[in-house]
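Subject: the structure we talked about

Hi,

Here is the structure I promised to send over. Have a look at it first, and then read on for my notes.

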Amino acid sequence: MPLLDIENLSVTFATATGPFRAVDNVSLSCDGGDILSIVGESGSGKSVSMLALMGLLPFTATVTADRLEFDGRDLMAMKTRERRKLLGRDIAMIFQEPMSSLNPCFTVGFQIGESLRKHLGLGRAERKERTIELLSLVGIPSPETRLSQFPHQLSGGMSQRVMIAMALACNPKLLIADEPTTALDVTIQAQILDLLADLQKERGMALILITHDMGVVAETAQRVHVQYAGQRVEEQDVRPLFESPHHPYTAALLSALPERATKHGRLPAIPGKVPGADDRPNGCLFSPRCAFTTDLCRRSVERQGAEFGHALCNYPLEQGVPRGHPDPEHIGQAMAEMME
Amino acid sequence: MLRFFLHRLGLLIPTFIGVSIVTFAFIRLIPGDPILMLAGERGMSAERYAELRSLYGYDQPLIVQYFDYAWSALQGDLGTSIVTKRPVLEEFFTLFPATIELATVAIIIAVAVGIPLGVLAAVKRGSWLDQGLMGVALVGYSMPIFWWGLLLIILFSGILQWTPVSGRISLLYFFPPVTGFMLIDSLLSGQAGAFKSALSHLILPAIVLATIPLAVIARQTRSAMLEVLGEDYVRTARAKGMPPRRVIGLHALRNALIPVITTIGLQVGVLLAGAILTETIFSWPGIGKWMVDSVFKRDYAVVQGGLLLIAGIVMVVNLLVDVTYGLVNPRIRH
């Protein structure tokens, strides 16, 4: 049984211009001890689906799911109070902006100790001891002095380490990291990623890493879940995904990696942008930006089986060639365009 | 921190000089002559008039009068009331506890009611409760104090007969002042019913005086809360599984209070200004009423000395508020 099992999760926001579906029937599962990476451009609903899992969305959001289970427990059926007991204890989350994610009015020690008191009922002395332990675990030098410091006295990287320490306080079974390195310097990014990967391995917890950086995925993840415009478009283990992506969107993301595009002077880019609330096309949502689009794609789209990474595509790529595409001549041209 | 404190303390000096000049000049700009006011309707002879004028020094050029006044003020002598013949400082300290008592109760009401209402409105943003509360706050803010006071007197003292109309305590009770605060003294006196009487005298003027600060604090709290509730650290607190009460009442409110404390500090000036009207309506024997009476009697020494002391208090309180600000906001402390 997977630790986290999500089936057909949808999130709809009530906006001034009508309902907007930010997450559209996403299914996802993650075993204990796994690293799952959710990849996609900004606006693809990566964060929203995880915030929905945490129950942290604003009241304008409506969350529906056929199944939303954590550790065998049905989150949808749970009372808010019960669900809160899981948060910070069994499921923890760290965020994109470490500096603004820490409360400026409280010391580092207080903010970490708070979880320890709430979930584990530790006393003052135990909390202090455990907090120091956690801070040194995440690689913060002289943790005793850091304890009484305020967030504005920390750098961005330090802040993210504190956030990680806070998340690990109660030994969670699942840690969700929402673009944890986006706001950090490149050198610090690598350190934080290494730290996360090490901690995951040491403690055997599951890690869901939300990112838009394929490089980060390659370094850390075991499984990859590619999301586009609120939909899951592909899911594969990391190695086969990099070797043979099945969805054209995944392929395009990979070819946009600088490491893979050195031959040509310019980095390839995917034309257009993720459709918003008003310009969602019929059929395949990626069709306006895809090189292989046919009339069929503009009408409807079919999900492939596990052998093609559950790709949401009528013509899944097989070693770079769209399978069953009706116009082979067009393919060569399109592929050349894509690689430019 | 010490540097900051000394710097702010240094800034008080020019402000004091400015206040002393303004109060000195303004009371003399009002038509009327203190000595003729003393004489009353019977009038006095020209010789007696000239004698009194030179006795009080009003025959000197203004500039000389000012420096005389400033020089004695520096030595702690604010002059003597021309009406009661008592030193200004002594009168001030006799009456000041009544005003502090009124203002303290008023600010306690304003903070204790204003902050929760502001938080409630922010949490229920856009609801009828929010709109209702903020509508009432706007009315409270806009209402003329003297009219609002009269309305309450008509309702509670007139129609319902719940509270007395004026004064600090029923004349049936007598006990020597210990602290000058009627609520405390009445308790200390041990006389049955004395505290209740003092409280019933205090409650209406305190509500009237609290109205404007309460409205201001509630509105400021609401907007500060709204801003803070959208912050990332509030989401972090929720992600840690903290109950809404703690998220709102601790994580969010602590940050929202930073601007609210400044606002509360600024209300001290508003309170002392409001005390002038409130004390006059309720015949509350404090410095507000004292100031008004002295202006009518052209009691120069009392008006300029009293205003100087009031201004000094406002400045010191604002300084204290700035210090508190550092305690609440760690980014300033370090």
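This is a predicted model: local features need pLDDT of at least 70, side-chain atom pairs count only at pLDDT 80 or more; totals for chains, interfaces and linings use all residues.

Of the 334 residues in chain B, 42% are buried. If you take the contacts between residues at least 6 apart in sequence, 72% of them join residues at least 24 apart. The accessible surface of chain B is about 17,100 Å², and carbon and sulfur atoms account for 70% of that. As for charge, chain B carries 25 positive and 19 negative side chains, with the centres of the two sets 15 Å apart.

Now the annotations. An unreviewed UniProt entry marks "transmembrane region" on several stretches of chain B, among them residues 6-27 and 256-282. How do those two look in the model? Residues 6-27 of chain B are 100% helix, and the end C-alpha atoms of that span lie 32 Å apart. Residues 256-282 of chain B are 96% helix, with 35 Å between the end C-alpha atoms. The unreviewed entry also gives "domain: ABC transmembrane type-1" for residues 96-321 of chain B. That stretch is 80% helix and 0% strand, and its end C-alpha atoms are 21 Å apart.

Is B:His201 buried or exposed? It counts as buried, because its relative accessibility is 9%, under the 20% cut-off. Leaving aside neighbours within four places in sequence, B:His201 is in contact with B:Trp284 and with a set of residues including B:Pro164, B:Ser166 and B:Arg168.

Last, the cores. The largest nonpolar core has 101 residues, and the members touching the most others are A:Met50, A:Leu174, A:Ile176 and A:Ile208. Helix 7 (residues 156-168) of chain A gives the most to this core, with eight residues. Not counting residues up to four places away in sequence, A:Leu174 touches A:Leu3, A:Leu53, A:Phe70 and A:Ile208, among others. There is also a second, separate core of 36 residues, which includes B:Ala98, B:Ala206, B:Val247 and B:Trp284.

Cheers

Terms used: Residues are numbered from 1 along each chain as its sequence is written. Chains are lettered from A and ligands numbered from 1 in the order in which they are written. Side-chain values use heavy atoms; hydrogens and water are left out. Buried means under 20% relative accessible area, exposed over 50%, partly exposed in between (1.4 Å probe, protein chains only). Contact means heavy atoms within 4.5 Å. Accessible areas come from the Shrake-Rupley method with a 1.4 Å probe; for residues, only the protein chains shown count as cover. Lys and Arg count as positive and Asp and Glu as negative; His and the chain ends are not counted. The place of a charge is taken as NZ of Lys, CZ of Arg, CG of Asp or CD of Glu. UniProt positions are given in the numbering used here, feature names are shortened, and annotations may be inferred rather than shown by experiment. Helices (H or I, at least four residues) and strands (E, at least two) are DSSP runs, numbered from the N terminus. A nonpolar core is a set of buried Ala, Val, Leu, Ile, Met, Phe, Trp, Tyr and Cys residues joined through side-chain atoms within 4.5 Å.
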